[in-house]
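Let's take a walk through this model together. Keep the sequence and the 3D view side by side as you read.

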Amino acid sequence: MKHQRIVVTHYGGPDELQVVEEECPEPRPDEVRVKVLAAGVSLPDLMAREGIHPETPRVPFTPGWDLVGVVDRVGDGTYGIEPGQTVAAMPINGAYAEFVCLPQSELVPVPPGLDAAEAVSLVLNYITAYQMLHRSAKVKPGQRVLIHGAAGGVGTALLQLGRLAELEMYGTCSSRGATVVSDLGGVPIDYQRQDFVKEVQRLTGEGVDVVFDSIGGSHIWRSRKALRPGGRVVAYGLTGSLKAGRLASGRSGGRHRFRAIAIFGLYIAGGWLLPGRKRVVPYSIQTLKRVKPALFRQDLIALLDLLQQQKIKPLIAQRFPLAEAKAAHELLGKGGVTGKFVLVCQRDR
Ligand SMILES: NC(=O)c1ccc[n+]([C@@H]2O[C@H](COP(=O)([O-])OP(=O)(O)OC[C@H]3O[C@@H](n4cnc5c(N)ncnc54)[C@H](OP(=O)(O)O)[C@@H]3O)[C@@H](O)[C@H]2O)c1
């Protein structure tokens, strides 16, 4: 049986995303073949395509951090898992495909009746948001937080989970995202027209307890200025390294996995050395998953439960057929997206 997957053969722009048709992969021992229903599209995918995300594989590779699908075939040595069961996984790359083979240990059962696109939004975006709130920042009700990129995929997840945690929330966004941010309980700050440090000081008096910084580089420094003494910046993204979806530096075409995070490290170290009791702590979903896989599983199960109880509702900005991954990357790169882009696999078999 043939299937489609998306392949990046050179690092670069959206044109590098090629649709290939080939034989379906067969599960090896301890693996399960999953028929993908939904695969998330996120900025880390664009960064891997450009060759600058720390997790960028060597070309050729299939992008795609997260997926929800149905078990299609099981390999030797698997147990307690049946064809037809819905599962979620975060393979980091490879999810832009109709069929994927993964170790059984990577799969988390998804309760019946959930929308696959909403469920897949939990895997990368909501686990990131949940772990930063409750494991990195250990937020308490009434605390003030500033969320950068608040109308985006991780940003809207932070707002929804922050509201459940009874936080006072401020969110930077462009004017296009202001309504979404206020609807989700945040005070929007237009990062293109306002100085967010001054605006936070004006609105709060002494600054916020936590800043979630997805922009990276020298922006981390400005985020630190928005803290009250004793506060912390959770630094987790490199959005600033892209401009209109391409490398801000313009040096595309290579695999530069450590360039952006080296600068990131300098700011984190500086946060510890400078006076003012203001810390910068890094967060990485993939590192925490590798070090403590049980927490990843536990947190995803908790989030799936919140989704089932309708306590959270991921915002799906748009659904694209798998073969239109290039269009999804182009649009996400242009910006102004509120919520998550999802690739859906619909071909009947
Ligand atoms: N460390 C981890 O474990 C981890 C996990 C997941 C994601 N991430 C990182 O999180 C970041 C966000 O990913 P995502 O998928 O949520 O992206 P996204 O959906 O594209 O959202 C990014 C948002 O940032 C906004 N933005 C751009 N420049 C900004 C600035 N200077 N100030 C404030 N907001 C700005 C954009 O608004 P406009 O388009 O309207 O300008 C957009 O709403 C990425 O850097 C990604 O690599 C890290």
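This is a predicted model: local features need pLDDT of at least 70, side-chain atom pairs count only at pLDDT 80 or more; totals for chains, interfaces and linings use all residues.

Residues are numbered from 1 along each chain as its sequence is written.

Where the two touch, domain 1 puts in 40 residues and domain 2 puts in 37 residues; two residues are in contact if their C-beta atoms, placed from the backbone, lie within 7 Å. On the domain 1 side, H1, helix H9 (293–308) and helix H10 (325–334) each give at least two residues, and H10 has the largest share, with five residues. Helices (H or I, at least four residues) and strands (E, at least two) are DSSP runs, numbered from the N terminus.

So where does the ligand sit? It lies between the domains, because domain 1 and domain 2 both give residues to the shell around it. There are 32 residues around the ligand, and Gly149, Gly152, Gly153, Gly237 and Gly335 come nearest; a residue is near a molecule or strand if its C-beta atom, placed from the backbone, lies within 6 Å of it. Helix H1 (43–50), helix H2 (116–136), helix H3 (153–164) and strand S9 (168–173) each supply at least two residues of that shell.

Two of those helices, H2 and H3, also pack on each other: their axes come within 8 Å and cross at roughly 50°. Axes are lines fitted to C-alpha atoms, for helices over the stretch in contact, and angles run from 0 to 180 degrees between N-to-C directions. That makes H2 oblique to H3 (angles under 35 degrees count as roughly parallel, over 145 as roughly antiparallel, 65 to 115 as roughly perpendicular and the rest as oblique). Among the contact residues are Tyr126 and Tyr130 of H2, and Gly153 and Leu158 of H3.

H2 packs against H9 too, at an angle of about 120° with the axes 9 Å apart, and this pair is therefore oblique as well. Here the contact includes Tyr126 and Tyr130 of H2, along with Phe296 and Leu300 of H9.

Definitions and conventions
Domain bounds come from an automatic or database domain assignment.
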